[in-house]
Amino acid sequence: MNSYPTLVQGIYTKRQCYILITNLEAIKEELYKSSLVLTQLMSDHLSLELSEEILNLLKVENTDITDRQSLVTVFESLISYLKNLPIVALTLTYSPTLKQLLQISEWFVTEVKAKILIEVRVDPSIIAGATIQYKGIYKN
Amino acid sequence: MAHFTFFSSDKKDPMDPEMAEKVLELAHQRAEKIIEKALKKSEEIVVEIDHLNDEIRKEMKQVFKQSTDSYIHTVNQESKEFTAAIAEVVPLVKEKYMKGADETIQIFQANLAAELGPLREIVDRQVTETIDQLKKKIEEEWEKARQEINEYKVQQKKQLEENLKTSIEALAKTAFGDALTPSQHQQLVMKALEKAKEEGVFNT
């Protein structure tokens with residue numbers, strides 16, 4: 001669990017997180033049904049970097065990668081963590097670049113001390129700046 | 001009669017043709033005279049008859065005139081008598097019928113009053129109810145109108161604010177929006193996040 005923030009460092013947006021959850025659930029399902037080993041399953045659904053991060057995570061947590069039940073438990077825990085990450089909705093006048101998203105995401109880690117996913121909404125009618133919506137609070 | 005005598009003698013002694021012709025001519029002349037006299041006489045008769053007719057006409061006219069005058073006189077006389085008789089009778093009849101009429105009116109008024117009593121109550125009640133309903137209807141209409149005016153005011157105010165907002169946004173966008181670089185936009189976003197943090201938005 002403590003290694004999860006490291007695992008999701010490269011995830012900034014709600015959409016990225018949703019795709020990751022979908023892929024992790026697919027792997028979890030196939031752990032039940034398929035005879036393929038974990039590395040093969042991850043290569044089918046995840047990027048190389050992310051696959052390595054998950055292998056590191058399993059190693060840190062001393063999980064036997066041949067024990068499918070243990071793997072399922074870890075994946076379920078990871079999926080649950082991702083589903084419970086807080087989300088901030090930012091409405092901007094432009095579509096931000098990856099660099100700008102990274103800057104905003106890091107600002108949350110540094111200033112708010114939390115991993116917060118960003119949901120970007122573009123509204124050209126906004127003159128400048130952003131509107132912020134977080135846990136039901138709206139700021140213009 | 002004369003020519004009969006002449007023919008009687010003719011039977012005894014047949015006349016020669018010349019003599020017969022003379023006799024015939026003489027007879028003819030005598031006949032013409034007779035006819036002439038007869039015509040004259042008939043004309044005289046006609047004249048007499050005409051004269052007689054005129055007289056008869058005059059007499060008849062006189063008789064008719066006398067009869068007519070007499071009739072008119074009689075009618076006038078009877079008319080006067082009838083008028084006088086009527087003049088005597090009319091006040092009596094009038095008094096009788098006026099009295100009867102007064103009694104009838106009094107009876108009618110009494111009956112009418114008896115019948116109108118409940119009717120008047122009904123009418124009064126209906127009038128009161130109608131007035132109440134009208135008052136209520138007027139109040140409802142007035143309230144409705146007031147409500148519509150208020151709604152219209154609110155709508156107009158909202159529309160005005162919307163128009164104002166659109167105008168200001170358009171103006172601001174022209175003045176600032178297009179002039180900002182992506183970097184300046186990002187700085188504004190970061191400032192907005194800082195402000196939200198200061199306001200405790202992320203403390204929840």
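**A chat about chains A and B**

Reader: Is Pro96(A) buried or exposed?
Author: Pro96(A) is buried, with a relative accessible area of 14%. That falls under the 20% cut-off, so the residue counts as buried. Keep in mind that this is a predicted model.

Reader: Where is Pro96(A) placed?
Author: Pro96(A) sits in the loop between E1 and H6 of chain A.

Reader: What is Pro96(A) in contact with, leaving aside neighbours within four places in sequence?
Author: Pro96(A) then has contacts with Leu101(A) and Val120(A). Arg121(A) is 25 residues away in sequence, and its C-alpha is 9.8 Å from that of Pro96(A).

Reader: Which salt bridge does Arg121(A) make with Glu119(A), in Å?
Author: Their side chains meet at 3.6 Å, N to O. Arg121(A) is partly exposed at 36% relative accessibility. Glu119(A) is also partly exposed, at 22%.

Reader: Switching to Ser105(A). Buried or exposed?
Author: Ser105(A) is buried, at 4% relative accessible area. The residue is in helix H6 of chain A. Beyond its neighbours within four places in sequence, Ser105(A) touches Tyr12(A), Lys115(A) and Ile118(A).

Reader: OK, the interface. How many residues of chain A are in contact with chain B?
Author: 24 residues of chain A contact 20 residues of chain B. Trp107(A), Ile127(A) and Ile132(A) supply 30% of the area that chain A buries against chain B, more than any other three residues. Together the two chains bury about 2000 Å², 70% of it on carbon and sulfur atoms.

Reader: How many salt bridges cross the interface of chain A and chain B?
Author: One. Lys197(B) bridges to Glu111(A), with the closest N and O atoms 2.7 Å apart. H6(A) gives the largest share of the side of chain A that touches chain B, seven residues. The interface also has five residue pairs in polar contact.

Reader: How many helices and strands are in chain B?
Author: Three helices and zero strands. Of its 204 residues, 6% are buried. Chain B exposes about 18600 Å², and carbon and sulfur atoms supply 61% of that.

Reader: Which residues form the nonpolar patch on the surface?
Author: Phe108(B), Leu112(B), Leu116(B), Leu119(B), Ile122(B), Val123(B), Val127(B) and Ile131(B). Together they have about 650 Å² of accessible area. Ile131(B) lies in helix H2 (residues 17-175) of chain B, and is partly exposed at 41%.

Reader: And Lys65(B) with Asp69(B): where do they lie?
Author: Both are in helix H2 of chain B, four residues apart, about one turn of the helix. Lys65(B) is partly exposed at 49%, and Asp69(B) is partly exposed at 39%.

Note on methods:
Residues are numbered from 1 along each chain as its sequence is written. Chains are lettered from A and ligands numbered from 1 in the order in which they are written. This is a predicted model: local features need pLDDT of at least 70, side-chain atom pairs count only at pLDDT 80 or more; totals for chains, interfaces and linings use all residues. Side-chain values use heavy atoms; hydrogens and water are left out. Patches are made of residues with over 30% relative accessible area and no salt bridge: like charges are joined within 9 Å, nonpolar side chains (Val, Leu, Ile, Met, Phe, Trp, Tyr) within 5 Å. Accessible areas come from the Shrake-Rupley method with a 1.4 Å probe; for residues, only the protein chains shown count as cover. A salt bridge is a side-chain nitrogen of Lys or Arg within 4 Å of a carboxyl oxygen of Asp or Glu. Helices (H or I, at least four residues) and strands (E, at least two) are DSSP runs, numbered from the N terminus. Buried means under 20% relative accessible area, exposed over 50%, partly exposed in between (1.4 Å probe, protein chains only). Contact means heavy atoms within 4.5 Å. Buried area is the accessible area (1.4 Å probe) that two parts lose on being put together, summed over both. A polar contact is a pair of N or O atoms within 3.5 Å; within protein, one must be able to donate a hydrogen and the other to accept it, and residues adjacent in sequence count only if both atoms are side-chain atoms.
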